[in-house]
Amino acid sequence: MAGAQRFKRLNKSCILLLAIAGIERFAFKGVSSNLVTYLTDVVNLSNSSAAKMVNSWVGFTSIMPLLVAPIADTYWHKYSTIMASSFLYFMGLVALTSTTLARSWYDRNKTMSTSFLSLSLYLISFGQGGYNPSLQAFGADQFDEEEELPLNKDDTSSKNRTLFFQWWYFGICSGSLMGVTIMSYIQENFGWVIGFAIPAISMLMSILVFSCGSPIYLYKHHDENQVKKNFMNIFQAIKSSAMKCFHCGITISNDKPEVLELELQEKPLCPEKLESLKDSKSGIYVLSNVKVVMRLFPIWTMLLMFAVIFQQPATFFTKQGMTMKRNIGTFKIPPATLQSAITLSIILLMPLYDKIFIPIAQIITHQNKGISVTQRMGIGMVLSIIAMVIAALVEMRRLEIGKAMKNSGSLSETVPLSIFWLLPQYILLGISDIFTVVGMQEFFYGEVPKTMRTMGIALYTSVFGVGSFVSALLITLVEVYTSSKGTPSWFCDDMNEARLDNYYWLLTWLSVMSLVFYALLCKYYHNRSGSDTQN
């Protein structure tokens, strides 16, 4: 009881890191949420090219933690990783602001290369690759040994871990909300240079705030030599297996293993064999960790379509909104602002999850947590599918009105359909976020060994990274297939000729298939926390 009460009051360092995470989300969402508009209106890319560029960049950004995390866990401390990666992050934002300023001075009649733009975006990706997972893992370290987030079946401990990730997600959603609403308005009304400069300044502020908090942080250092040894032992195990063929060889026959055991007891082992056995033992330890990650791979794969759906608000949902009626009096709503409905629904409805949903679920399931983590993720997947069905129906209605206008001789690109018809799909995605994304954080964090916590966070972010690449691949395949028939592509620049509704139905059916396979996998999956609690 005392431990539960103590956790509910987050310490100063944890609160400071929550604020820093919110500032980082403000900077990132200030760039990514309206990037597709910048690429189509300023850089003059086509709708499909802009969507693929955004998806590829977001995908690379999200998958970078998976590549950086093993190195960060092995060779770097979390604090130094955060400082180094935040500097790269800041330099990428400065480079993006610089290329936007140069483009504003450039002759619009000439085409300007997008190479420096891509370079600046991917510099942001490299910075965020080490920053996000290290910051979140560092935040989870801000508890003393008694308050540490354990990986066992104790209900109170499990609830504490869930509560921590919910507050963390609440913090980054607050930053995302401000980034989407404030920056999209500034970018469309005051220009893109200041619209990208403000995120750069905010990132610089977060670095300064993080540095000022150094005296109050709790630093946990694992045995560095042991961690490095664990990381390298897989190669040593392979090496030792190969060397056994040349040194002190023992031929293992097909006879009974008891015979071999007796022979080994009778013969003293040479030093090479002793070292080989030590390396093999360490290699088995590392391989067991690899097995933990590999057993997560099937569920990780089934979550990819959920990530593909979440690429739509920043791309095609935004392009939809640009063709709809978006005036409130004299004020014109920036289409990217509707993305704030996702984060706003998360912020407003997240408390209801604990206050209303969990008590009802406890009555139904007779479980202390109400529902398991895998069930939580599954509910979110169902809600995302419903959101895509609504998106397809709204798009069908928008196309119907647009074609009627075209047949009547109207040349207006704006369809007299309120942009607020898009709100239900945004809100449903926000609710699905509460279930699936928070569940993913807890699931991957809890299912990896203690020395691989940063890798666990990276596995969660990599779902959205690979999902972004899958989204870009789907766009390419669909565009090639639909264009080959001699008809306009589903993603053609004329939104009244495009068939985004068909694309949304395609995503719906693919997501239904993923959900079915996910349910089957979860039926036979056993949580690591239930058995292998000590690593």
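**Exercise 1. The pair α14 and α16**

At what angle do helix α14 (residues 340-365) and helix α16 (residues 423-446) pack, and how far apart are their axes? Classify the pair and describe its contact.

*Solution.* The model is predicted.

Step 1. The packing angle of α14 and α16 is about 50°, and their axes lie 8 Å apart.

Step 2. Angles under 35 degrees count as roughly parallel and those from 65 to 115 as roughly perpendicular; α14 is therefore oblique to α16.

Step 3. The handedness of the crossing between α14 and α16 is right-handed.

Step 4. From α14, the residues in contact are Ala341, Ile342, Ser345, Ile346, Leu349, Met350, Tyr353 and Phe357. From α16, they include Leu423, Tyr426, Ile427, Gly430, Asp433 and Val438.

Step 5. Sorted by class, this contact of α14 with α16 holds 15 nonpolar, two polar and one charged residues.

**Exercise 2. Two partners of α2**

*Solution.* 

Step 1. The axes of α2 and α6 cross at roughly 160° and come within 11 Å. Angles over 145 degrees count as roughly antiparallel, so α2 is roughly antiparallel to α6. The crossing is left-handed.

Step 2. In this contact, Cys14, Leu17, Ile20, Ala21, Glu24, Arg25, Phe28 and Val31 of α2 meet Leu121, Gln128, Tyr131, Asn132, Leu135, Phe138 and Gly139 of α6. The contact of α2 with α6 comprises 10 nonpolar, three polar and two charged residues.

Step 3. With helix α5 (residues 78-105), α2 packs at an angle of about 30°, the axes being 12 Å apart. This angle makes α2 roughly parallel to α5. The crossing of α2 and α5 is left-handed.

Step 4. Here α2 contributes Glu24, Ala27, Phe28 and Val31, while α5 contributes Tyr89, Leu93 and Leu96. By class, the contact of α2 with α5 has six nonpolar, no polar and one charged residues.

**Exercise 3. The largest cavity**

How many cavities of 30 Å³ or more are counted, and which elements give two or more residues to the lining of the largest cavity?

*Solution.* 

Step 1. The count gives four cavities of 30 Å³ or more. The largest cavity holds about 860 Å³ of space.

Step 2. Its lining consists of 40 residues, of which Arg25, Phe28, Lys29, Tyr460 and Phe464 are the closest to the centre.

Step 3. Two or more lining residues come from each of α2 (12-32), α4 (47-75), α6 (115-140), α7 (155-190), α14, α16 and α17 (453-483).

Step 4. By class, the lining of the largest cavity has 21 nonpolar, 15 polar and four charged residues.

Note on methods. Residues numbered from 1 in each chain as written. Predicted model: local features only at pLDDT ≥ 70, side-chain atom pairs only at ≥ 80, totals over all residues. Heavy atoms only, no water. Axes fitted to C-alpha atoms, helices over the stretch in contact; angles between N-to-C directions. Helix = DSSP H or I, 4+ residues; strand = E, 2+ residues; numbered from the N terminus. Left-handed = near helix turned anticlockwise from the far one by under 90°. Contact = heavy atoms within 4.5 Å. Nonpolar A, V, L, I, M, F, W, Y, C, P; charged D, E, K, R; others polar. 1 Å grid on protein atoms, 1.4 Å probe; cavity = no way out; pocket = protein on both sides within 12 Å on 5 of 7 lines; lining within 4 Å. Points joined across faces, edges and corners; volume = space filled by probe spheres on them.
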